[in-house]
Amino acid sequence: MTDAREFAGPTGATPARHAPGTPCWVSLMVHGPAATQEFYGTLFGWEFHPGPRQLGPYVRALLDGHEVAGIGQLPPDRHLPLAWTPYFASENVDLTAETVRSCGGTIGVGPLDTADAGRLAICSDPSGAVFGVWQAAAHLGTAVSGVHGTPAWNELLTFESASVAKFYRTVFGYQEEQVVSADSDYVTLHLGGGPVAGIRGLGQALPRDRGPHWVTYFQVADVEDALDHVVRLGGHVLGPAHDTAHGRVATVADPVGARFALLQRQR
């Protein structure tokens with residue numbers, strides 16, 4: 001993690017419509033959503049309300065009445081690596097999907113309408129990492145940031161950053177900031193002068209059982225306390241907490257193996 005800032009406005013504030021290209025939502029699809037809701041509800045203080053069912057049973061997680069994330073149910077015959085999927089805002093999801101295809105990506109789902117909430121597509125970049133595109137209607141996306149239990153950053157783990165960064169730059173219009181380091185392959189993606197996501201090239205160190213994938217960071221008040229809760233709730237700590245220039249970070253997995261990161265910001 002090289003840079004991480006709130007993407008949805010001031011701390012605790014409800015945002016307006018997300019600018020095209022900004023991360024606007026995160027969603028997790030699992031086989032047992034009830035147990036997953038219990039895990040994240042206890043860890044982050046989320047409550048759950050029904051959402052659109054075009055892709056099967058789906059709930060939206062709310063924090064103090066503000067929408068934060070989504071959890072849906074995978075069909076029994078779908079056995080995919082479980083991971084939080086970031087969605088990026090678009091003014092025209094059909095046009096964005098065409099650009100994804102023309103740049104070497106693939107469209108796995110959609111574009112399709114989700115009742116009156118909006119229109120979505122689920123895509124893969126040329127390296128195989130899955131992400132979503134969201135054209136908002138009634139549902140604008142994540143509505144609060146900067147507090148415990150809210151998405152704080154999204155980072156792509158892939159083999160190398162250069163070619164994948166070019167793909168996302170073409171699709172969403174990002175500017176790139178390369179981290180110059182002999183032992184680090186990292187690019188920060190910017191929009192409007194601010195960072196919105198990161199790409200980390202791991203080469204052969206990328207886990208073969210996962211392949212390229214996005215990781216969502218969730219903000220927590222205290223990393224060590226959150227790690228204790230993760231373990232007590234049946235999750236797993238994948239990497240020890242460590243300090244970065246932007247706060248204290250740890251990588252974890254929930255009880256069904258979906259990986260995510262915890263971020264305690266500097267005070």
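Tyr168 counts as buried because its relative accessibility is 0%. In this predicted model, Tyr168 sits in helix α3 and belongs to a pair that links distant parts of the chain.

**Tyr168 and its partner**
- The ring centres of Tyr168 and Trp214 are 5.6 Å apart with their planes at 90°, so this pair is edge-to-face.
- Trp214 belongs to strand β13 (residues 213-219), and 46 residues separate it from Tyr168.
- Trp214 is buried as well, because its relative accessible area is 3% and buried means under 20%.

**Helix α3 beside helix α2**
- Two packed helices are described by the distance between their axes and by the angle between those axes.
- Here, the axes of α2 (residues 93-102) and α3 (residues 161-172) come within 9 Å, crossing at roughly 150°.
- Angles over 145 degrees count as roughly antiparallel, and α2 and α3 are therefore roughly antiparallel to each other.
- Their crossing is right-handed.
- On the α2 side, Thr96, Thr99 and Val100 take part, meeting Phe167, Thr170, Val171 and Phe172 of α3.
- Sorted by class, this contact has four nonpolar residues, three polar ones and no charged ones.

**More aromatic rings**
- A pair of aromatic rings is described by the angle of the planes and the distance of the centres.
- The structure holds 23 aromatic pairs.
- Phe131 and Phe172 form an edge-to-face pair, with 6.2 Å centre to centre and 70° between the planes.
- Phe131 is in strand β8 (residues 130-136) and Phe172 is in helix α3, so their pair ties together parts that are 41 residues apart in sequence.
- Are Phe131 and Phe172 buried or exposed? Both are buried.
- One aromatic cluster is formed by Phe39, Tyr40, Phe44, Trp46, Phe48, Trp84, Phe218 and Phe260.

**Leu28 and its surroundings**
- Leu28 is part of strand β1 (residues 23-30).
- With 0% relative accessibility, Leu28 counts as buried.
- Which residues is Leu28 in contact with, leaving aside neighbours within four places in sequence? They are Thr36, Tyr40, Gly70, Ile71, Gly72, Ala83, Trp84, Asp254 and Ala258.
- Leu28 and Tyr58 are 30 residues apart along the chain, and their C-alpha atoms are separated by 9.6 Å.

Note on methods. Residues numbered from 1 in each chain as written. Predicted model: local features only at pLDDT ≥ 70, side-chain atom pairs only at ≥ 80, totals over all residues. Heavy atoms only, no water. Axes fitted to C-alpha atoms, helices over the stretch in contact; angles between N-to-C directions. Helix = DSSP H or I, 4+ residues; strand = E, 2+ residues; numbered from the N terminus. Parallel < 35°, antiparallel > 145°, perpendicular 65-115°, else oblique. Left-handed = near helix turned anticlockwise from the far one by under 90°. Contact = heavy atoms within 4.5 Å. Nonpolar A, V, L, I, M, F, W, Y, C, P; charged D, E, K, R; others polar. Buried < 20%, exposed > 50% of the residue type's maximum accessible area, 1.4 Å probe, protein only. Phe/Tyr/Trp six-rings, centres within 6.5 Å; stacked < 30°, edge-to-face > 60°.
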